[in-house]
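Today I opened my notebook to look up salt bridges. Come along and check each entry with me.

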Amino acid sequence: MSDRAFPTLALETLLAQSSGGLVCGVDEAGRGPWAGPVSAAAVILNPDDLPPGIDDSKALTEKRRAALEPEIKARALAWGVGFASAREIEELNILGATGLAMCRAIGALQVPAVAALVDGNYRFKLPCPIQTVVKGDSLSLSIAAASILAKTARDRVMIEMDALYPAYGFARHKGYNAPIHSEALRLHGPCPEHRRSWGPVKALLEGQT
């Protein structure tokens, strides 16, 4: 039985008190894959109506994430999801594109946040003041909720891409490193959704296998 701590609203409460308004949690999904967009989500939870079972998306099964997604959206005070495309990743680099996706997610909130808790230690330039939180998805409930929305939204996009580019198996591996993905790249070359600056894709384009 795990004795690890679960996320709470302690960080949100402290930041809301110091900032004088609503605080959102922000997280991303898809910084590491070879293909597809990077996604981000922002969530302002209602402390009086929390869906049970919110946790770091990586600690949850796909089925559990899918069940929590509509619960979070229905009960949160506000939520937003944003993407940056593979082309934008190439133009801006992955950090720039991640920041863009986060800005879009915060911009999609139905009510504004005066501050944000952001997973990690990188200080992205976002529309409101931020507080970075290392391993935030395991400490902050709103970051954990954002991690779930970012992950489920991106997975859905990759399943849709699988229908457009069935040779690559995107529905199975979501664009990450996998033997079937490497083999498909070798056989078919990259599709428009591949990140051409990524090592394996770049190597293939340069004629290396």
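Which side chain meets Asp-137 in a salt bridge? I looked it up in this predicted model and found Lys-58, with 2.9 Å from N to O. Asp-137 lies in the loop between strand S5 (130-133) and helix H5 (141-164), and Lys-58 in the loop between S2 and H2, so this pair ties together parts that are 79 residues apart in sequence.

Next I checked how accessible the two partners are. Asp-137 is buried, at 6% relative accessible area, whereas Lys-58 is exposed, at 62%.

Then I asked how many salt bridges a search of the whole structure finds. I noted nine.

I picked Asp-49 for my next entry. Asp-49 forms a salt bridge with Arg-75, and their closest N and O atoms are 3.4 Å apart. Since Asp-49 sits in the loop between strand S2 (38-44) and helix H2 (62-75) and Arg-75 sits in helix H2, the pair ties together parts that are 26 residues apart in sequence. I wrote down both as partly exposed: Asp-49 has 29% relative accessibility and Arg-75 has 27%. I also saw that Glu-71 joins Asp-49 and Arg-75 in a network of salt bridges.

My last stop was helix H5. How far apart are Lys-151 and Asp-155 in that helix? They are four residues apart, which means about one helical turn separates them. Their side chains meet in a salt bridge, at 3.2 Å from N to O. Lys-151 is partly exposed at 21% relative accessibility. Asp-155 is buried at 7%, as buried means under 20%.

Methods:
Residues numbered from 1 in each chain as written. Predicted model: local features only at pLDDT ≥ 70, side-chain atom pairs only at ≥ 80, totals over all residues. Heavy atoms only, no water. Salt bridge = Lys/Arg side-chain N within 4 Å of Asp/Glu carboxyl O. Helix = DSSP H or I, 4+ residues; strand = E, 2+ residues; numbered from the N terminus. Buried < 20%, exposed > 50% of the residue type's maximum accessible area, 1.4 Å probe, protein only.
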